[in-house]
Each structure stands twice: as structure tokens, then as C-alpha cells.
Amino acid sequence: MKWLEVNKSGPLNGSVSITGSKNSALALLSATLLSDEVVTLNQIPNIEDMRVICEIFNELGATSSWEDDKLVIDPTNIYTGVIDPMKSSSYRASYYLVGALLQKMKKIRIGYPGGDNFLSRPIDQHIKGWQALGAKVTLLENEYIVEADRLVGADIYFDTITSGATMNMMMTAVLADGKTTLKNTAKDPEVVDLANLLNTMGANVIGAGTSQIIIHGVKELSGCTYRVIPDRLVAGSFLMSVGLNGGTITVNNVIPEHLRSCIAKLTETGIEIYEEGSSITAIGGENLKAIRIRTGMYPQFPTDLQQPFTSLLLNANGRSIITEKVYPHRYSHIQQLLQMGANIKTRQGTAFIQGKSKLSGSLVKATDVRAGICLIMAGMIAEGTTIITGLNHIERGYENIVSLYQSLGANIEFYEGKYLFDKRLEQLSDLGQ
Ligand SMILES: CC(=O)N[C@H]1[C@@H](OP(=O)(O)OP(=O)(O)OC[C@H]2O[C@@H](n3ccc(=O)[nH]c3=O)[C@H](O)[C@@H]2O)O[C@H](CO)[C@@H](O)[C@@H]1O
Ligand SMILES: C=C(OP(=O)(O)O)C(=O)O
């Protein structure tokens, strides 16, 4: 049993160096399996999803070795395309292993994607893409099989903009025969990062970052050393934390352009933002303004920052409105915030957040990775102690989150142990919490 205890905190001050992007690293790490030589990735975040992938690699015959944030992958001895369904269903992006291994192994058997559950996260566009490239897809109860003797380039139009399917089809097509044109593609920085890695390995991918990507298949990919982009979502979470109790936070090692929509919305609330090279500084003020946010695919405001931003808006003057357009049901954090006394109403994919309601510490559960950060932030403005369980979700996406927040002055502690947990709940209940 692991949990966090967060208490009302003062202003947060200091700087944080941002680690590599989880969502990029998930794709790039999988893509190393396409190579016929050793690939070294730098700036890999030390988070749970990466550890699971390395375990899967081991079982497939690929070796991986960590040295600080450097991960060296040797994919030269992969001998199977059968992937443990328990492991592949423990995180979302396991479907990249299909794109990365299909040409080499011809048949992949794998569990359905896990990860954060927002009621509906279909993979129909991945399946459509594999089929267009010549693969047969068989859906079983807990696993699916994708098989192809030969992958042949094709034109694929995505019915909706999806970063996952865009990246998966890039991986599936790089070793296919001939030309693949992906249309209506996602423009996320992670897509560009993947294209850059693939091209460094010898692939021919053109147009990443626009709505059309053209891939000319090559015969083989070679080894290389590549550095993953910084995590814009971790950076955004820290920047918005100054909106809770004031303070000045600088995030270093970021690409400010990747945070444009977040910066725009922080500025609208009245938070001051200063950019200098690869650093961004946020300064929190007393009177934050209520604002409207509509999430969308990049370069629009990311759904992954919607949850932490909700906690910031709990501290704004007036009623804010968030409309979630990517995952209209991504509101499990609100149930937990209500338990803490928040005044939030949701209707048809929109949340109406009344700022300045008094929050009280409570026992709450992180139901997904960003909900976890949202609850940590809410705990910093609540009276009393907020106990957060479900840390496995937070650990999927944030490295050293407790010590980083502590270094900024936050009142947050990590605890472990079933007996201690029960005792702690008793103590708090005696105190009337
Ligand atoms: C590991 C990873 O990178 N996760 C991110 C990725 O998830 P993921 O790659 O799963 O999300 P997508 O970009 O694919 O999803 C975007 C939209 O497309 C829809 N869709 C997607 C695929 C499909 O086959 N059919 C379909 O309808 C989804 O329901 C969603 O509404 O992008 C999401 C949207 O920015 C982020 O919240 C996740 O943090
Ligand atoms: C939804 C997320 O992750 P995943 O797609 O890996 O579940 C996230 O990072 O916010």
C-alpha cells in the first residue's frame, strides 16, 4: 500500500529540470526494435511504463541496459512476436510493439492496450491502418493477432486525428515495400520526435508535424544515438502549480513552442510567464481570473493538462469552463475533487468550475496519471490532510514527483505500508477529518 499525504502549502519557489517525454519515449523505445543494430536513447524518463517495456523486450530476446537516463537497446536477437498479455495490457501504448515488430516477426500476438481508461479509447484507426498495409487482424477475447507475410505501402486517411495511430502507422510503414501516405495526421511534437528518430536510423519519413506524412519504405534500419524531447506535460503541470499559492517556478530543459497553448491559458488567468531559451518561468499572483478552456489535438490545448488545470481554476475568481473535446468522459478526477468540497458541475463533456470554494483534505484516489497530479495540486490548497492513493497511475507518468514538489517547498510526503495506512486513517478520523 502506497499513498501520498499533501497539506496546504505556501508559495512554491525554485526550478525543476524536465525529463524526457513519456509519450514520446513510449513510441521511440518501441521503434528501436525496427533497427538491425544497437540503438541508444538519451533522456528516457525513469517511470513505470518504461520498466514494463524493458521487461517485454527481455522476453522477446532484445536486451536493454539503463545508465542514468540513457537506455541502450540491442534488438538483434528478437526471436518471438508473442507478447505477454498481462504486461502489454498494463500500459496504453503497447500497440506500438505491433508496428515495430510486424515486418520482422510476421505475426504478433499481444494483449489489448491498457493505461488510462476514459470510457472509450478505440483502436479502430490502428486496425484500419494495419489492414491497409496488408496485415490481417484477428480480435480474440483478451488478445489480438496481427499478421502479414508482406507489408505494402498504401494511402491511409485517418477518420479522426490520432497521435497513436499516426505514430503506429509510421512504424509499420517504414520497412514496408513502396510508398505510404498518411493523411489527416496528428501534428504532435511526439510525432515529429518519432520521425526524427526513424530518419536518423535511415528511414525516409517526410512531413511529420503537418497533416500529411509520406513514408518511402527502406530495406533496413541501422543503429544510432538519439535524445528524446522533454516532457511538455510534466513541464505544464509544474508551471501551473504557481497558481495555487503563488511563488515562482522555472522549468528548465523545455521546448517552449511545445507549450504554446498552455502558456496562453496560464497568461489568461493572470499568471506571468517569461521565456528564455529552453527555460520558462511562471510567477503566480493573488487574483487569478476564471477562464474557458477547450481541449483539442495539438497545437490546441492538450487533454493531458486539463485535469491539473482544473485544480488551478479552483483557485480562480469566478466560474471557469472546461470543454473536453478529445475524451469527453475524462472527468474521473472531478468525483474526487467533489469529495474535497469543490464546486464543479459537469454536463455533456463540459465542466463548470466555481473558484474559491473551500476545499478540505480527504481520502481520494488517483484514477489516472493526470488525475493524480490534479489531486496533488488540489491538496496544496485544501485545509487539512489530503490522502492520495492510486499511486501506480502517477508513477506511470511522473518521475520523482514527490521530491521535486518538496524541493519547491510543497507540503507533500510519500508513505508505504498497509498497517501504517490503516492507523493513519484512524488518526485522521479521530481528528474529525
Ligand atoms: C501514450 C500516449 O501517447 N498517450 C497520449 C495519446 O494517446 P492515444 O495515442 O491513445 O490518443 P490518440 O491521439 O490516438 O486519440 C485522439 C482521439 O482519437 C480517438 N481515436 C484514437 C485512435 C483510434 O484508433 N480511434 C479513435 O477514435 C481517441 O478516442 C481520441 O478521441 O494521445 C492522447 C491525446 O492527446 C493523450 O491523452 C495521451 O496521453
Ligand atoms: C492518458 C495518458 O497516458 P496513456 O495514454 O499512456 O494512458 C497521459 O499521459 O495523460
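This is a predicted model: local features need pLDDT of at least 70, side-chain atom pairs count only at pLDDT 80 or more; totals for chains, interfaces and linings use all residues.

Guide: Two packed helices are described by the angle between their axes and the distance between the axes. Here helix α1 (residues 22–31) packs against helix α7 (residues 189–200) at an angle of about 25°, and their axes are 9 Å apart. Because angles under 35 degrees count as roughly parallel, α1 is roughly parallel to α7.

Visitor: What is the handedness of the crossing of α1 and α7, and which residues in α1 meet which in α7?

Guide: The crossing of these two helices, α1 and α7, is right-handed. From α1 the contact draws on Asn23, Ser24, Ala27, Leu28 and Ala31, which meet Glu190, Asp193, Leu194, Leu197 and Leu198 in α7. Sorted by class, the contact of α1 with α7 has 6 nonpolar, 2 polar and 2 charged residues.

Visitor: At what angle do α1 and helix α2 pack, and how far apart are their axes?

Guide: For α1 and helix α2 (residues 48–60) the angle is about 10°, with the axes 10 Å apart, which means that α1 is roughly parallel to α2. In this packing Lys22, Ala25, Leu26 and Leu29 in α1 meet Asp49, Met50 and Ile53 in α2. The contact of α1 with α2 has, by class, 5 nonpolar, no polar and 2 charged residues.

Visitor: Where does UniProt place the feature "binding site" in the entry that includes Lys22, and is lysine 22 buried or exposed?

Guide: The UniProt record, an unreviewed entry, places a "binding site" feature at Lys22 and Asn23. Lysine 22 lies in helix α1 and counts as buried, because it has 26 C-beta neighbours inside 10 Å, and 20 or more are needed for that class. Asparagine 23 also belongs to helix α1, and with 25 C-beta neighbours inside 10 Å it counts as buried. Leaving aside neighbours within four places in sequence, lysine 22 is in contact with Pro45, Ile47, Asp49, Asp231 and Gly397.

Visitor: Which other residues does the UniProt annotation "binding site" cover?

Guide: The UniProt annotation "binding site", again from an unreviewed entry, covers Arg92, Arg121, Pro122, Ile123, Asp124, Gln125, Asp304 and Val326. Let us look at two of these residues. Proline 122 is found in the loop between β6 (107–111) and α5 (124–132), and proline 122 counts as exposed because it has 10 C-beta neighbours inside 10 Å. Glutamine 125, by contrast, lies in helix α5 and is buried, with 21 other C-beta atoms within 10 Å. Apart from neighbours within four places in sequence, glutamine 125 is in contact with Phe158, Asp159, Thr160, Thr162 and Ala165.

Visitor: Turning to burial along a whole helix, how many residues of helix α13 are buried?

Guide: Burial can be counted residue by residue and then read for the helix as a unit. Helix α13 (residues 369–379) is mostly covered, with 11 of its 11 residues buried; among them are Val369, Arg370, Ile373, Cys374 and Met377.

Visitor: Is lysine 136 buried or exposed, and how far is lysine 136 from leucine 408 in space?

Guide: Lysine 136 lies in strand β7 (residues 136–139) and is exposed, since 12 other C-beta atoms lie within 10 Å, and 12 or fewer is the cut-off for that class. Not counting residues up to four places away in sequence, lysine 136 touches Glu147 and Ala148. Separation along the chain and separation in space are read side by side: lysine 136 and leucine 408 are 272 residues apart in sequence and 52 Å apart in space, C-alpha to C-alpha.

Technical notes. Residues are numbered from 1 along each chain as its sequence is written. Chains are lettered from A and ligands numbered from 1 in the order in which they are written. Axes are lines fitted to C-alpha atoms, for helices over the stretch in contact, and angles run from 0 to 180 degrees between N-to-C directions. Helices (H or I, at least four residues) and strands (E, at least two) are DSSP runs, numbered from the N terminus. Angles under 35 degrees count as roughly parallel, over 145 as roughly antiparallel, 65 to 115 as roughly perpendicular and the rest as oblique. A crossing is left-handed if the near helix is turned anticlockwise from the far one by less than a right angle, and right-handed if clockwise. Two residues are in contact if their C-beta atoms, placed from the backbone, lie within 7 Å. Ala, Val, Leu, Ile, Met, Phe, Trp, Tyr, Cys and Pro count as nonpolar, Asp, Glu, Lys and Arg as charged, and the others, Gly among them, as polar. UniProt positions are given in the numbering used here, feature names are shortened, and annotations may be inferred rather than shown by experiment.
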